[in-house]
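Here is a short tour of a helical packing problem, written to be read with the model open beside you.

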Amino acid sequence: MGGSSSLLPQEALGEYQELTFLNKQEILLAYKRFSELLPREQRENACSVRVPKSQILTLPELRANPFQHRICHVFSTSEDGDDSMSFEDFLDMLSVFSDAATSDIKSRYAFRIFDFDDDGVLDGKDLEKLVNCLTGQGEEARLSSIEMEQLIRNVLEESDIDKDGTINLSEFQHVISRSPDFVSTICAFRCSSVVFSYTLGSSLSKQ
């Protein structure tokens, strides 16, 4: 493959193949797409620079994703907290969203994306934000406070095995194993049936 992708060292290419669920072609395509998000003068050093979150969000796959900000936050390793991405961050994101990634990996990252306050559990506030992301910000789409409370109560009754008022990773994965379409299930009466594909099923690397 020509262009910027040819600048990816063969040694690094082999290492990325070992560490991700992506094949050689997918990694080279990822490098090309990442490089194109950078100013021309920085593209030769794509492996050592970070792309701002604002640029990452221009990707069509993320632009239409209701969890776009959470995805950038979860996969970014920026010490500045700006959710910018290095090439390896970008590659990790594509790897998790690839068809080859295991269900265990996908569910772990989905859990982190839904954990809006990053406290390691999904509580009522996380579930409320999750539902709001899926239904949109319009008044017509939003659930009433009574509907929201009932929905959260139902979700916790189904998922909170130890009855501590939250859903931990183990409980989340247990629910996923029984119902892979977990998110659309909990929001069935108001949410789109394709919502779970936003976080677990979409493969950014296919573009």
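Contact here means heavy atoms within 4.5 Å. Setting aside its neighbours within four places in sequence, S78 is in contact with R50, D83 and S84.

## Ground rules

The model is a predicted one, in which local features need pLDDT of at least 70, side-chain atom pairs count only at pLDDT 80 or more, and totals for chains, interfaces and linings use all residues. Residues are numbered from 1 along each chain as its sequence is written, and side-chain values use heavy atoms, with hydrogens and water left out.

## The overall fold

The protein chain holds 12 helices and 0 strands. Both kinds of element are DSSP runs numbered from the N terminus: helices are H or I with at least four residues, and strands are E with at least two. Read from the N terminus, the order is α-α-α-α-α-α-α-α-α-α-α-α.

Of the 207 residues in the protein chain, 46% are buried. Buried means under 20% relative accessible area, exposed means over 50%, and partly exposed is in between (1.4 Å probe, protein chains only). Among contacts in the protein chain with a separation of 6 or more, 56% come from residues 24 or more positions apart.

## Helix α2 against helix α6

Two packed helices are described by the angle between their axes and the distance between the axes. Here the axes are lines fitted to C-alpha atoms, for helices over the stretch in contact, and angles run from 0 to 180 degrees between N-to-C directions. For α2 and α6, the packing angle is about 130° and the axes are 10 Å apart. That makes α2 oblique to α6, since angles under 35 degrees count as roughly parallel, over 145 as roughly antiparallel, 65 to 115 as roughly perpendicular and the rest as oblique. The crossing of this pair is right-handed; the term applies if the near helix is turned clockwise from the far one by less than a right angle, and left-handed if anticlockwise.

Which residues of α2 and α6 meet? From α2 come I27, A30, Y31, R33 and F34, and from α6 come F87, F90, L91 and L94. This contact of α2 with α6 divides into 8 nonpolar, no polar and 1 charged residues. In this scheme Ala, Val, Leu, Ile, Met, Phe, Trp, Tyr, Cys and Pro count as nonpolar, Asp, Glu, Lys and Arg as charged, and the others, Gly among them, as polar. Helix α6 is mostly covered, with 9 of its 11 residues buried; these are F87, D89, F90, L91, M93, L94, S95, V96 and F97.

## Helix α8 against helix α9

Helix α8 (residues 124–135) and helix α9 (residues 145–159) have axes that come within 10 Å and cross at roughly 115°. Their contact is built from G124, L127, E128, V131 and N132 of α8 together with M148, L151, I152, V155 and L156 of α9. By class, the contact of α8 with α9 has 7 nonpolar, 2 polar and 1 charged residues. The crossing of α8 and α9 is right-handed.

V131, which lies in helix α8, is buried with a relative accessible area of 2%. The C-alpha atoms of V131 and R142 are separated by 8.7 Å, the two residues being 11 apart along the chain.

## Salt bridges

Side chains of opposite charge can pair when their charged atoms come close. How many salt bridges does a search of the whole structure find? The search finds 6, a salt bridge being a side-chain nitrogen of Lys or Arg within 4 Å of a carboxyl oxygen of Asp or Glu. One of them joins R33 and E61, with the closest N and O atoms 3.0 Å apart. This pair links distant parts of the chain, 28 residues apart, with R33 in helix α2 (residues 24–36) and E61 in helix α4 (residues 60–63). R33 is buried at 15% relative accessible area, and E61 is buried at 17%.

D83 forms a salt bridge with K53, the closest N and O atoms being 3.8 Å apart. D83 sits in the loop between α5 (68–75) and α6 (87–97) and K53 in helix α3 (residues 53–56), 30 residues apart. D83 counts as buried at 12% relative accessibility. S78 has its place in the loop between α5 and α6 and is buried, with a relative accessible area of 15%. In helix α7 (residues 103–114), R108 and D104 are 4 residues apart, so about one helical turn separates them. Their side chains meet in a salt bridge (3.0 Å, N to O). R108 is partly exposed at 38%, and D104 is partly exposed at 33%.
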